Amino acid sequence: MAEKESRLILVKQDGSTLPEMKLSQSLELISHSPEQTQRLGIHIGELALAGDIFLLVGGLGTGKTCLTQGIAWGLNIKEYTLSPSFVIIRELYGRLPLYHIDLYRLDHIEEVIELGLDNYLYGNGVCVVEWAEKGLSVLPTEHLLIQISFLDDTERSFHLKPSGKRYLEILAQLKHLSFNSQERVNC
Ligand SMILES: Nc1ncnc2c1ncn2[C@@H]1O[C@H](COP(=O)(O)OP(=O)(O)O)[C@@H](O)[C@H]1O
Ligand SMILES: [Mg+2]
């Protein structure tokens, strides 16, 4: 698919009239193509450290798996393939392990608890959780929440909301990258 734009565009920083501290607390980006979404994922994957938790929220087809694919590439995972939808947890190995958890098929919080995710969530890899809204009450309170919204066929908005110091730090790094990342990676 051809890209309309060659970079991610920062469209809004929450509360632009608020003091500096507030400015750093969330970030909204518009992606114009799957490739841009993958590129955002690559940035996240490159910045990720062991123990990081990325919670993805957004309806079917908004781009959660597309973003995860980029995160995998950013972690230097070579053999990323799109998973069949019945796979709930995948372990992939690159610079760090990536635990890709997809709660789509689960309907009750008890089912999420039964998965016994603690070894993943508090392990030595990076966790990406699709359909995180289904497990929010039992997932770590410190995380980067990424809310994806469908704008049109090829446009999606990504609203990044950090909880905790580590994720404010990631946000600050992503802001820097999103201004300076023209054509750095071709997906
Ligand atoms: N800007 C975009 N970002 C991500 N996906 C996009 C974008 N524009 C179109 N798409 C398409 O939307 C679909 C997203 O699929 P997927 O990542 O599997 O969604 P989800 O995991 O959220 O259900 C793919 O077919 C992709 O090609
Ligand atoms: Mg998906």
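Predicted model: local features only at pLDDT ≥ 70, side-chain atom pairs only at ≥ 80, totals over all residues.

Residues are numbered from 1 along each chain as its sequence is written, and chains are lettered from A and ligands numbered from 1 in the order in which they are written.

The secondary structure of the protein amounts to 6 helices and 8 strands, where helices (H or I, at least four residues) and strands (E, at least two) are DSSP runs numbered from the N terminus. Followed along the sequence, these elements give the pattern β-α-β-α-β-α-β-β-α-α-β-β-β-α. Of the 187 residues in the protein, 36% are buried, a word used here for a residue that has 20 or more other C-beta atoms within 10 Å of its own, whereas 12 or fewer make a residue exposed and values in between make it partly exposed, with C-beta atoms placed from the backbone. Among the contacts with a separation of 6 or more, 66% are between residues 24 or more positions apart; two residues are in contact if their C-beta atoms, placed from the backbone, lie within 7 Å.

Strand 3 has pairing partners, two strands being paired if DSSP finds at least two bridges between them. It runs parallel to strand 6 (residues 126–130), to which 4 bridges join it, and in this pairing Ile53 stands opposite Cys127. Strand 3 also pairs with strand 7 (residues 143–150) in the parallel sense, over 4 bridges, and there Leu55 stands opposite Leu145.

Next come two helices that pack against each other. Two packed helices are described by the angle between their axes and the distance between the axes. For helix 2 (residues 34–47) and helix 3 (residues 64–74), the angle is about 45° and the axes are 6 Å apart, the axes being lines fitted to C-alpha atoms, for helices over the stretch in contact, with angles that run from 0 to 180 degrees between N-to-C directions. Helix 2 and helix 3 are therefore oblique to each other, since angles under 35 degrees count as roughly parallel, over 145 as roughly antiparallel, 65 to 115 as roughly perpendicular and the rest as oblique. The residues that make the contact include Thr37, Leu40 and Ile44 of helix 2 and Leu67, Ile71 and Trp73 of helix 3.

Helix 3 is largely enclosed by the rest of the structure, because 11 of its 11 residues are buried. Lys64, Gln69 and Trp73 are among these buried residues, and what covers them includes helix 2, strand 3, strand 4 (89–93), strand 5 (97–102), strand 6 and strand 7.

Some single residues complete the picture. Most residues other than glycine have a negative phi. Asn76, in the loop between helix 3 and strand 4, has a positive phi near 70° and is partly exposed, with 13 other C-beta atoms within 10 Å. Trp131, in the loop between strand 6 and strand 7, also has a positive phi, near 55°, but Trp131 counts as buried, with 20 C-beta neighbours inside 10 Å.

Leu160 lies in strand 8 and is buried, with 21 other C-beta atoms within 10 Å. Setting aside residues up to four places away in sequence, Leu160 touches Ser26, Leu27, Leu144, Ile146, Leu171 and Leu174. Leu160 and Leu174 are 14 residues apart in sequence, and their C-alpha atoms are 9.9 Å apart. Gly164 is placed in the loop between strand 8 (156–163) and helix 6 (165–180), where it is partly exposed, with 14 other C-beta atoms within 10 Å.
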